[in-house]
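Here's my note on the model you asked me to look over. Have the picture open while you read, and click on residues as they come up.

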Amino acid sequence: MIEINFTEADGNTRLLSAEPGGTLLSAILGAGIKGIVAECGGGCSCGTCHVHVALDWTGRLPAPADDETDMLSLAEDVTEQSRLACQIKLGPELNGLSVAIPGAA
(Lines give C-alpha, C1' and ligand atoms only; values in the text may rest on other atoms or scores of the structure.)
Protein backbone atom coordinates (compact mmCIF):
# COMPACT_ATOMS: atom_id res chain seq x y z
CA MET A 1 0.00 0.00 0.00
CA ILE A 2 1.04 3.59 -0.65
CA GLU A 3 0.62 5.99 2.27
CA ILE A 4 -0.19 9.63 1.57
CA ASN A 5 -0.19 12.47 4.10
CA PHE A 6 -3.10 14.71 3.12
CA THR A 7 -3.82 18.10 4.70
CA GLU A 8 -7.47 19.07 4.50
CA ALA A 9 -8.81 22.62 4.18
CA ASP A 10 -9.18 22.95 7.97
CA GLY A 11 -5.51 22.05 8.49
CA ASN A 12 -6.13 18.54 9.79
CA THR A 13 -3.85 15.89 8.33
CA ARG A 14 -5.09 12.44 7.38
CA LEU A 15 -3.13 9.39 6.39
CA LEU A 16 -4.56 7.83 3.24
CA SER A 17 -3.72 4.37 1.93
CA ALA A 18 -3.93 3.45 -1.73
CA GLU A 19 -3.05 0.58 -4.01
CA PRO A 20 -0.07 1.16 -6.31
CA GLY A 21 -1.07 1.91 -9.88
CA GLY A 22 -4.02 4.15 -9.07
CA THR A 23 -4.07 7.92 -9.01
CA LEU A 24 -3.85 10.32 -6.13
CA LEU A 25 -7.36 11.45 -7.05
CA SER A 26 -8.74 7.93 -6.59
CA ALA A 27 -7.16 7.74 -3.14
CA ILE A 28 -8.61 11.12 -2.16
CA LEU A 29 -12.10 10.28 -3.40
CA GLY A 30 -11.96 6.85 -1.77
CA ALA A 31 -11.19 8.51 1.56
CA GLY A 32 -14.14 10.90 1.24
CA ILE A 33 -12.00 14.04 1.42
CA LYS A 34 -14.09 17.18 1.16
CA GLY A 35 -12.80 20.03 -1.00
CA ILE A 36 -11.73 17.97 -4.00
CA VAL A 37 -14.58 18.07 -6.50
CA ALA A 38 -13.12 16.26 -9.53
CA GLU A 39 -15.88 17.47 -11.84
CA CYS A 40 -14.40 15.76 -14.91
CA GLY A 41 -13.93 12.45 -13.12
CA GLY A 42 -10.17 12.42 -13.52
CA GLY A 43 -9.92 13.21 -17.22
CA CYS A 44 -7.60 16.22 -16.88
CA SER A 45 -10.25 18.48 -18.37
CA CYS A 46 -10.90 20.67 -15.32
CA GLY A 47 -8.87 21.95 -12.39
CA THR A 48 -11.10 20.83 -9.55
CA CYS A 49 -8.68 18.21 -8.21
CA HIS A 50 -5.94 20.82 -7.74
CA VAL A 51 -3.60 20.05 -4.84
CA HIS A 52 -0.34 21.46 -3.53
CA VAL A 53 2.46 18.90 -3.32
CA ALA A 54 4.85 19.38 -0.40
CA LEU A 55 8.00 21.17 -1.51
CA ASP A 56 10.26 18.22 -0.69
CA TRP A 57 8.17 16.03 -3.03
CA THR A 58 7.81 18.31 -6.07
CA GLY A 59 11.12 17.22 -7.61
CA ARG A 60 10.26 13.54 -7.20
CA LEU A 61 7.20 13.71 -9.44
CA PRO A 62 7.35 13.62 -13.22
CA ALA A 63 6.89 17.05 -14.78
CA PRO A 64 3.28 17.90 -15.63
CA ALA A 65 2.19 17.36 -19.23
CA ASP A 66 0.97 20.32 -21.27
CA ASP A 67 -2.71 19.50 -20.73
CA GLU A 68 -2.22 19.50 -16.95
CA THR A 69 -0.36 22.82 -17.11
CA ASP A 70 -3.19 24.26 -19.22
CA MET A 71 -5.83 23.19 -16.67
CA LEU A 72 -3.78 24.55 -13.78
CA SER A 73 -3.60 27.92 -15.54
CA LEU A 74 -7.35 28.20 -14.93
CA ALA A 75 -7.23 27.22 -11.24
CA GLU A 76 -6.98 29.51 -8.21
CA ASP A 77 -4.05 29.66 -5.77
CA VAL A 78 -1.62 28.08 -8.23
CA THR A 79 2.00 27.80 -7.12
CA GLU A 80 5.06 25.88 -8.29
CA GLN A 81 3.78 23.09 -6.03
CA SER A 82 0.42 22.85 -7.82
CA ARG A 83 -0.59 19.61 -9.50
CA LEU A 84 -3.81 17.89 -10.52
CA ALA A 85 -4.43 14.84 -8.35
CA CYS A 86 -5.81 12.95 -11.35
CA GLN A 87 -2.41 13.16 -13.03
CA ILE A 88 -0.32 11.77 -10.17
CA LYS A 89 0.09 8.02 -10.61
CA LEU A 90 0.88 6.27 -7.35
CA GLY A 91 3.82 3.91 -7.22
CA PRO A 92 6.09 2.66 -4.44
CA GLU A 93 8.42 5.63 -4.99
CA LEU A 94 5.62 7.94 -3.79
CA ASN A 95 5.06 6.18 -0.47
CA GLY A 96 4.88 8.98 2.13
CA LEU A 97 3.83 11.64 -0.40
CA SER A 98 2.53 14.77 1.28
CA VAL A 99 -0.13 16.98 -0.34
CA ALA A 100 -2.64 19.60 0.74
CA ILE A 101 -5.77 21.29 -0.50
CA PRO A 102 -4.74 24.77 -1.71
CA GLY A 103 -5.32 27.30 1.02
CA ALA A 104 -5.24 24.67 3.79
CA ALA A 105 -4.62 26.20 7.20
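The points below go from the ground rules to the sheet, the core and a few single residues.

1. Ground rules. This is a predicted model, so keep in mind that local features need pLDDT of at least 70, side-chain atom pairs count only at pLDDT 80 or more, and totals for chains, interfaces and linings use all residues. Residues are numbered from 1 along each chain as its sequence is written, and side-chain values use heavy atoms, with hydrogens and water left out.

2. The sheet. Helices (H or I, at least four residues) and strands (E, at least two) are DSSP runs, numbered from the N terminus. Five strands make an open sheet with mixed pairing, in the order S2-S1-S5-S3-S4. Its edge strands are S2 and S4 (82-84), each of which pairs on one side only. On average, neighbouring strands of this sheet are turned by 40° against each other, direction ignored. For that angle, axes are lines fitted to C-alpha atoms (for helices over the stretch in contact), and angles run from 0 to 180 degrees between N-to-C directions.

3. S1 and its two partners. Two strands count as paired if DSSP finds at least two bridges between them. S1 and S2 run antiparallel, with six bridges. You can check this by finding Glu3, whose bridge partner in S2 is Ser17, and Thr7, whose partner in S2 is Thr13. The hairpin of S1 and S2 has five residues between the strands, and there Gly11 takes a positive phi near 95°. With S5, S1 pairs in the parallel sense over four bridges; here Asn5 has Ser98 as its bridge partner.

4. The core. Which residues have the most contacts inside the largest nonpolar core? They are Ile4, Phe6, Leu24, Ile28, Leu90 and Leu97, in a core of 30 residues. The elements giving two or more residues to this core are S1 (2-7), S2 (13-18), H1 (24-30), S3 (50-53), H3 (66-72) and S5 (97-100). H1 gives the most, with four residues. A nonpolar core here is a set of buried Ala, Val, Leu, Ile, Met, Phe, Trp, Tyr and Cys residues joined through side-chain atoms within 4.5 Å. In soluble globular proteins, nonpolar side chains tend to be buried together.

5. Ile4 up close. Contact means heavy atoms within 4.5 Å. Not counting residues up to four places away in sequence, Ile4 touches several residues, including Leu15, Leu24, Ala27, Leu90, Leu97 and Val99.

6. His52. The His52 side chain reaches the backbone oxygen of Asp77 at 2.8 Å, and a polar contact of 3.3 Å joins it to the side chain of Ser82. A polar contact is a pair of N or O atoms within 3.5 Å; within protein, one must be able to donate a hydrogen and the other to accept it, and residues adjacent in sequence count only if both atoms are side-chain atoms. Beyond four places in sequence, the contacts of His52 also include Thr79, Gln81, Val99 and Pro102.

7. Salt bridges. How many does the structure hold? There are two, a salt bridge being a side-chain nitrogen of Lys or Arg within 4 Å of a carboxyl oxygen of Asp or Glu. One joins the side chains of Arg14 and Glu8 (3.6 Å, N to O); Arg14 is partly exposed at 29% relative accessibility, while Glu8 is buried at 15%. Glu68 and Arg83 form a salt bridge too, with their closest N and O atoms 2.8 Å apart. Glu68 lies in helix H3 and Arg83 in strand S4, so this pair ties together parts that are 15 residues apart in sequence. Both Glu68 and Arg83 are buried.

8. Two phi values to look at. Most residues other than glycine have a negative phi. Ala38, though, has a positive phi near 55°; it sits in the loop between H1 and S3 and is buried at 11% relative accessibility. Asp77 also has a positive phi, near 60°. Asp77 is in the loop between H3 and S4 and counts as partly exposed, at 43% relative accessibility.

Definitions and conventions:
Buried means under 20% relative accessible area, exposed over 50%, partly exposed in between (1.4 Å probe, protein chains only).
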